Amino acid sequence: MKTHKLITVIFLTICFLPGIFSQQNAPPKLVAGIPVNYDEALVGSYTLPELLVTLNGKKVRNTKMWYNVRRPEIVRMFEELEYGKTPGRPADMSFNVFDKGTPALDGKAIRKQVTVYFTGDTSKYKMDILIYLPAGASGPVPLFLNLGFMPNNTITDDPGIKPGYMWSRDGKRIPAKAGSFGRMNVDLFLSNGIGFASINYADIEPDFADGYKYGIRGYYLKPGQKYPADDEWGAIAAWSWGLSRAMDYFETDPQIDSKKVILFGVSRLGKTVLWTGARDTRFGMVIASCSGEGGAALSRREYGENIKHMTDSTRYFYQFCGNRRKFADDPSSCPIDAHMLVALVAPRPLLLQTGETDYWSDPKGEFLAAVASEPVWKLLGKKGLGTDVMPPAGKVILNDLGYYMHAGGHGAMPDDYQIFIKFIRKHFFGEKIE
């Protein structure tokens, strides 16, 4: 087997094996030796942390108190207890717009490509942004930003895209060849007046336990420090940090409406875009696909993947800060849960997309988190789900807080993108869509 094919197989196994489990008729009862519950009768009772009560016990009664007191409290808790604290914008960061606007995709698009250099050393810490804008646009356009698992040159048939790389576990960069995985229907966005952009998450940091040695977290280690401290960033926070650096560029580009950038990611990247939208309020919309545990699913439900699975030393501990593992045996001891993360995106539009048979990611847990976040959306004058009855697969809720579950498993299906377009056009174009 050729090297690039071997790396692809390893990559797909790491990223999507849980999704494969979720679609089996008999999901495994043990993952990494840790029990998995798929029985609603065994979920038990739980009490969620208060959303609108501050740490000193005061009830939040107005928007000023939410923005000045309670919201910052919740953000700090997620930083310290789940994702980890991140540095700010690097002082010596720079942008190289090496493709300033080339006609592409049979004249339907203007292509731009940008390299973001995170440090003054332009040889190592950097990421590429691929951007397509609708040809003939009369002004700045909204932008759908895909945080992807694959390099940009695998996104669509365009020979002008700069070749990208994947990582092997021993820290080697492997050239990526285009295939069926990672493909996106860019035309769908362009035909609706929406730009499309993509970033390969591995440009920011490789997705394995030792990835920090080659990614941006390694750059920020203090002298003598071998691994980020327990309250410092995991890989999800690193990928999220990279998205904020992309926004730093978008704010400089007059052809992009930087107040209408839509974050999109699937699975662990669904977690990433959800945390990014919660943390960085410059992003105008979030669409999180099957984000599950560590994303929009309630940890206290103990259904499907749980904190213990995520923080196990053989699995995804590196995606979170070290403090997260403290709650592996008792999620109810944690002062935060997913409804608080969902609430942090308000009042900006948020769509949670799930899969009916994606039991591992707990679609019901995501719905219940959205329901529990409703008081914040209401406080901020926005419309939450408006129901506590979980809709069946195929029924769409496209309020400021939206929820959509397709009939199927993990990830986003081709038809789901039509729902995404409706959500975008309703909230960014003012179209009346129910």
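Colleague: Is Lys-85 buried, partly exposed or exposed?

Modeller: In this predicted model, Lys-85 is partly exposed, and its relative accessible area is 35%.

Colleague: With which residue does Lys-85 form a salt bridge?

Modeller: The partner is Asp-231, and the closest N and O atoms of the two residues are 3.3 Å apart.

Colleague: How many salt bridges does the count give?

Modeller: The count comes to 26 salt bridges. Asp-99 and Arg-111 form one of them, with a distance of 2.6 Å from N to O. Asp-99 belongs to strand E3 and Arg-111 to strand E4 (residues 109–117), so this pair ties together parts that are twelve residues apart in sequence.

Colleague: Is Asp-99 buried or exposed? And Arg-111, buried or exposed?

Modeller: Asp-99 is buried, at a relative accessible area of 7%. Arg-111 is buried too, at 8%.

Colleague: Where does Arg-300 find its salt-bridge partner?

Modeller: Arg-300 forms a salt bridge with Asp-337, and their closest N and O atoms are 3.1 Å apart. Arg-300 is in the loop between strand E11 (285–289) and helix H8 (307–311), and Asp-337 is in the loop between H8 and helix H9 (338–345), so the pair ties together parts that are 37 residues apart in sequence. Both Arg-300 and Asp-337 are buried.

Colleague: Turning to pockets, how much space lies in the largest pocket?

Modeller: The largest pocket holds about 470 Å³ of space. Its lining comprises 23 residues, and those that lie nearest the centre are Gly-182, Arg-183, Met-184, Ala-412 and Tyr-417.

Colleague: Which elements give two or more residues to that lining?

Modeller: They are strand E6 (141–148), strand E10 (256–266) and helix H12 (416–428). E6 provides the largest share of the lining, three residues.

Colleague: What is the lining of the largest pocket by class?

Modeller: The lining has 14 nonpolar residues, eight polar residues and one charged residue.

Colleague: What volume has the second largest pocket?

Modeller: The second largest pocket has a volume of about 400 Å³. There are 26 residues in its lining, and Lys-124, Lys-126, Tyr-165, Arg-173 and Asp-203 lie nearest its centre. The elements that give two or more residues to this lining are E4, strand E5 (126–134), strand E7 (165–167) and helix H4 (201–204).

Colleague: How many charged residues are in the lining of the second largest pocket?

Modeller: Seven are charged, alongside twelve nonpolar and seven polar residues.

Colleague: Now the overall fold. How many helices and strands has the protein chain?

Modeller: The protein chain has twelve helices and 14 strands. Its radius of gyration is 21 Å, close to the 22 Å that the globule rule gives for 434 residues, so the chain is as compact as a globular protein of that length. Along the principal axes, the C-alpha atoms fill a box of roughly 55 × 50 × 45 Å.

Colleague: What percentage of the residues is buried?

Modeller: Of the 434 residues in the protein chain, 58% are buried. Among contacts between residues at least 6 apart in sequence, 69% join residues at least 24 apart.

Colleague: One more topic: which residues of helix H10 are buried?

Modeller: In H10 (residues 363–372), the buried residues are Pro-363, Gly-365, Glu-366, Phe-367, Ala-369 and Ala-370.

Colleague: And what covers the buried residues of H10?

Modeller: The covering elements include H9, strand E12 (350–355), helix H11 (374–379) and strand E14 (401–406).

Technical notes:
Residues are numbered from 1 along each chain as its sequence is written. This is a predicted model: local features need pLDDT of at least 70, side-chain atom pairs count only at pLDDT 80 or more; totals for chains, interfaces and linings use all residues. Side-chain values use heavy atoms; hydrogens and water are left out. A salt bridge is a side-chain nitrogen of Lys or Arg within 4 Å of a carboxyl oxygen of Asp or Glu. Buried means under 20% relative accessible area, exposed over 50%, partly exposed in between (1.4 Å probe, protein chains only). Helices (H or I, at least four residues) and strands (E, at least two) are DSSP runs, numbered from the N terminus. On a 1 Å grid over the protein atoms alone, a cavity is a set of points where a 1.4 Å probe fits but cannot get out, and a pocket is an open set with protein on both sides within 12 Å along at least five of seven lines; lining residues have an atom within 4 Å of a point. Grid points are joined across faces, edges and corners, and a volume is the space filled by probe spheres set on the points. Ala, Val, Leu, Ile, Met, Phe, Trp, Tyr, Cys and Pro count as nonpolar, Asp, Glu, Lys and Arg as charged, and the others, Gly among them, as polar. The radius of gyration is taken over C-alpha atoms; the globule rule is 2.2 Å times the number of residues to the power 0.38. Contact means heavy atoms within 4.5 Å.
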